[in-house]
Every structure is written in structure tokens, then in C-alpha cells.
Amino acid sequence: MRDAHPEAGAAPLREELCRLNLSYLLLAQRLMAQDAHQAAILLGIEEPLTSWLPGASVSAITTLAS
């Protein structure tokens, strides 16, 4: 039997994905602070993210993660 309210489970999943994205982006920011070129290669990220991420605030990164 299918859930009568499939959107009811979407909110916790969305929150979990946001937390996962936030963790990844914060880790990427730390790695870029150590060696931006190597981090970009390892993480597979490109411009404009590679220029923006090192100086981004936690608030801006949180917004992007969501």
C-alpha cells in the first residue's frame, strides 16, 4: 500500500540532503584553503565555485546547500 501523503516524507529527506550538501561544501572549502588546485581536481569542481567557495560565509554556503 502506498503512502497517502508522499510529501510527508519529503521534508525529512530534503533536510537530510541539505545537511549532506552543507557538510560536503564546508569540507570542500577547507580543502580549497589548503590547496585550491588539488581540491578542485579531487572534488571535480570548476568555476565559478572554485573562486567563490574559499571566501564564502557559512551563511552563504548554507543557502547554496539548501
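1. In this predicted model, the contact between α1 and α4 brings together Cys 18, Asn 21, Leu 22, Leu 25, Leu 26 and Gln 29 on the α1 side with Ile 61, Thr 62, Leu 64 and Ala 65 on the α4 side. By residue class, this contact comprises seven nonpolar and three polar residues, and no charged ones.

2. As to geometry, the axes of α1 and α4 lie 8 Å apart and the helices pack at an angle of about 135 degrees. The crossing of α1 and α4 is right-handed.

3. Within α1, the buried residues are Leu 25, Ala 28, Gln 29 and Met 32. The packing partners of these buried residues are α2 (36-43), α3 (49-52) and α4 (58-65). Of the buried residues, Leu 25 and Gln 29 also take part in the contact with α4.

4. Helix α1 covers residues 10-34, which is 25 residues; at 1.5 Å a residue it should therefore span 36 Å. The C-alpha atoms at its ends are 36 Å apart, in agreement with that expectation.

5. Concerning the overall fold, the protein contains four helices and zero strands, in the sequence order α-α-α-α. Of its 66 residues, 18% are buried. Among contacts between residues at least 6 apart in sequence, 48% link residues at least 24 apart.

Key: Residues are numbered from 1 along each chain as its sequence is written. This is a predicted model: local features need pLDDT of at least 70, side-chain atom pairs count only at pLDDT 80 or more; totals for chains, interfaces and linings use all residues. Side-chain values use heavy atoms; hydrogens and water are left out. Helices (H or I, at least four residues) and strands (E, at least two) are DSSP runs, numbered from the N terminus. The expected span of a helix is 1.5 Å times one less than its number of residues. Buried means under 20% relative accessible area, exposed over 50%, partly exposed in between (1.4 Å probe, protein chains only). Contact means heavy atoms within 4.5 Å. Axes are lines fitted to C-alpha atoms, for helices over the stretch in contact, and angles run from 0 to 180 degrees between N-to-C directions. A crossing is left-handed if the near helix is turned anticlockwise from the far one by less than a right angle, and right-handed if clockwise. Ala, Val, Leu, Ile, Met, Phe, Trp, Tyr, Cys and Pro count as nonpolar, Asp, Glu, Lys and Arg as charged, and the others, Gly among them, as polar.
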